[in-house]
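Thank you for making the time this morning. I would like to take you through one structure, beginning with a term we will need and then moving on to confidence, the interface and the cores.

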Amino acid sequence: MADMSVIWLRVAAALYSLGLLHAILTLVRRRENLFRVALGAFWLGAVFHFVSIVEEGLSIHHCPITNFYETLSMCAFLVVVLYLFIFWRYRLESFSVFIFPLVFVMALVATMGNPVNSWTSPVVRDAWLTVHIVLVLLGFAALLFTAVASVLYLFQERELKSKKPRKLHWLPPLGTLDDLIWKSMALGFVLMTLAVIVASTWAFIEHKEAWIRQPAIAISFFTWGTYLALVFLRVTAGWRGRKAAIMTVTVLGFSALTWAAHAHLGGMLKP
Amino acid sequence: MKLLLTGVSHKTAPVEVRELLAFREESLRRALGALKACEGVSEAVILSTCNRVEIVLTTEDNVDPQAIVDGFLAEQKAVSAQTIEPHIYRRQGRDAIHHLFRVAASLDSMVVGEPQILGQLKTAYNAAKSSGALCGWLDGLYTRAFSVAKRVRSETGIGQMAVSVSYAAVELARKIFGSLENRTIMLVGAGKMSELAARHLRRSGASHVFVTNRTPERAAEMAALFQGTPVDYTRFLAMLPEVDIVVASSGAPHYILRKDDMQRVIAARRNRPMFLIDIAVPRNIEPSVNEIDNIFLYDIDDLEQVVNANLRERMKEAERAEALVVEEVDRTMARLKVAEVTPTIVGLQEQLEQIRASELDKVRRRYGPFSPQQEEALEALTRGIINKIAHGPITALRAHSAAPDGAHVVAAIRKAFHLQD
C-alpha cells in the first residue's frame, strides 16, 4: 500500500476507535451516551478512509482490491457507507454496538500491510507479548464465568418453568445470574478486544506483512467475531436463557480452540 | 422446687373453651399478681394467644401447684372445673420443659414453623418480668427456650419455605428477579387475593403498583392502598412491557392475556423476564404463555403445589427440630440436676472446714504458739486431709446427680455428714 494511503487509513482507524469506546461504554454502563460523538467520528473517519482508498487507487492505477489489506480496507469502507445509509434511513442506533468495533478492527488490520521497523529492543517485544497473554487469560476467565453462569441460568429457568422449584433450591436467583452474566461478559469482551488489538500489532511487527496469513490469527479474529455477535445479540435483542447459553458455550469453545492454536506463543517469549 | 405447665391449645380445646380461659392484655398484670401472691408460688408466666392459653409456675416443694392453678382459675375465670377438665393438659418437670421448648420452636403451632408464637412468648415473658412474677430460675428457663427456638430456626429449614399462596408468590418472584427492588407490579382485577399478594410483594421491595379493573373506581380505590397508579382497562396491555410482575384475578370469563399478546410484550421488553401470577378462576391467562422464553406463568394450582411441597419439606424439617428440642431438654435437665446438688456440695465443704478450724484451735491452745513454719505445715496437713475426705462424696454427688437414683445418693451423703436440711 502507498505510504500516504496508509497514513490516511490510520487516521480513519483512530477516529473509528471512538466507536469501539462507545460500544464498550454501552456494554459496561448500559447507557448510550457517547453515541453522538462516536457517530461524528465515524463520519469523519469515513472521509479519511475514502481519501485513503482514492490515494491507493491513484498510486496503483487500478481499483485498490489487489491484495488482502486493500480488500479489507475496501470492505470496511463499504460497511461504513452502508451503516451510515441505514442510520440515515432507519435511525438504528443499536447496530452501532456491532458495527463500530467491527469496522475499527477491520481498518486497524488493513493498516498493517506495510512492513515496519523491527523491535527496538527484545524487552519491549516481550513486554508487549506478556501484556497480550495476561489480557487474554483474564478475558478467558471472565468468559468462563459467563458460560458457567449461563448454564446455571438454564437450570434455574427449567426449574422455574417446571413449576416444581424444590430440587435445585440452592441455585441463585435468575436475576442474580443474569447480572453476573452481563458483567462478566462485558468485562471479558473489553479484555479480549484489547488483547486482539495488542496481539495484531505484535504479530504485525514480528512477522511483517505475512502475519495475516497465519491460521492462528485467522481463528483469533473469528473467535473475536463470535464474541462480538454474542455481545450484540445480548445488548439489542436481550438474548437470555437457552439461546444465550448455547452461544456463550460456543464462544468459549472457539476461545479454547484459539488457545490451542496459540500453544506455541509462550515459547516465543525470549528466555 | 416444682415446675408445672397447665393449659389448653388449639389441639386440645375448641375456641369456645379457649376464649373462656383467655387473658386480655390489660388484665394480664393483675392476674399475674394474683397468681404470684398465692401461697408457695415462686414464679409465674401466663401465655394467652388465640391458639393457646398456658400458665407456667414454679412453687416450693411442700405445696401442690395443680391445686394452686385450679384455685386460681376458679377465682379468675367463671368456669367450672368440669367444663375445662377434658381439654386441659398438665405437664410437670421434664415434660413441662419439653412442652415449653416445643412451643417456642413453633413445633406445636397450627402451622408448624410459623414464627409468630415466639414473639407472643416473648411478650408473655416481658409481661411476667415487668410485673415481678419472674425473677429467678424460671426466667433462665425462658431465656433458654428462646435460644432453643433460635437454634431450631437456624439449624433446620423449618421456617424457610413459604406455606401460603401469597408468600409462595413472593418467594418465586425472588427466585426470578433476585431482589425485588425497583420491580413494578400490575394488578389485573382488584380482588382480595391480589391485594394480599401485592401487599407481600410491596413489602419485599417492589417499587410501584399499577392497578387495572373493569370498574375504574375500584382500580383507583385499590391503587390508593399502595400509593399506586390506576390504569385504564382498555390500555393495560400497552403498559405491560414496563411491568415485571402481573397478578391476574379478574372475573373475566375468558382469557384476557393470550400467547401472541405476551409474545409481543416480551419482545418489547427485550426478553427481560416476567412473572405472571394467575389466581383467577376461570383463568385469566392462556396456559401456553408459559412456553414463551423468559415468561414464568403460575396459576393458582401451581402455587398450591409449591405450598404443598413446602409443607411436606417443613414436616421433614420438623422431625429434625424435634430431635434437637429433646437434646436441649436433656441438656437443661442435666444442668438442673447439677444445680440441685450444688447446695449439698457447698454444705459439705463448709462442714469439713468448720471441723478443721475448731480442731486447729484446740491444738493451738494446747501446744502453741507455733512458729510461722509450723503454722504453715499444720495448715497444709489439715487442708490436705479434708480435701481428700471430701473428694469421694463430691465426685459421687456430681456423677449421680443426673441418674434416676440421684436423690437417694444425695440423701445418704447428707445423712452421713450430718448436713442440716
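A residue is called buried here if 20 or more other C-beta atoms lie within 10 Å of its own, exposed if 12 or fewer do, and partly exposed in between, with the C-beta atoms placed from the backbone. By that criterion, buried residues make up 37% of the 421 residues in chain B.

What you see is a predicted model, in which local features need pLDDT of at least 70 and side-chain atom pairs count only at pLDDT 80 or more, while totals for chains, interfaces and linings use all residues. Residues are numbered from 1 along each chain as its sequence is written, and chains are lettered from A and ligands numbered from 1 in the order in which they are written.

On confidence, the model scores ipTM 0.75 and pTM 0.69. In pLDDT, which is the predictor's confidence in each residue on a scale from 0 to 100, chain A averages 86, with 96% of the residues at 70 or above, and chain B averages 88, with 99% of the residues scoring at least 70. Within chain B, confidence is lowest in helix α4 (residues 81-84), at a mean of 79, and highest in strand β9 (residues 274-278), at 94; helices, H or I runs of at least four residues, and strands, E runs of at least two, are taken from DSSP and numbered from the N terminus. Chain B comes to 15 helices and 10 strands.

Now to the interface. If we call two residues in contact when their C-beta atoms, placed from the backbone, lie within 7 Å, then 16 residues of chain A are in contact with 20 residues of chain B. On the chain A side, the elements giving two or more residues are α5 (122-162), α6 (174-207) and α8 (241-261) of chain A, and the largest share, three residues, comes from α6(A).

Finally, the cores. A nonpolar core is a set of buried Ala, Val, Leu, Ile, Met, Phe, Trp, Tyr and Cys residues joined through C-beta atoms within 7 Å. Which residues have the most contacts inside the largest one? They are Ala107(A), Ile185(B) and Val247(B), in a core of 128 residues, to which α6(A) gives the largest share, 14 residues. Leaving aside residues up to four places away in sequence, Ile185(B) touches several others, among them Leu201(B), Phe210(B) and Val247(B). A second, separate core of 52 residues includes Leu5(B), Leu134(B), Val148(B) and Val325(B).
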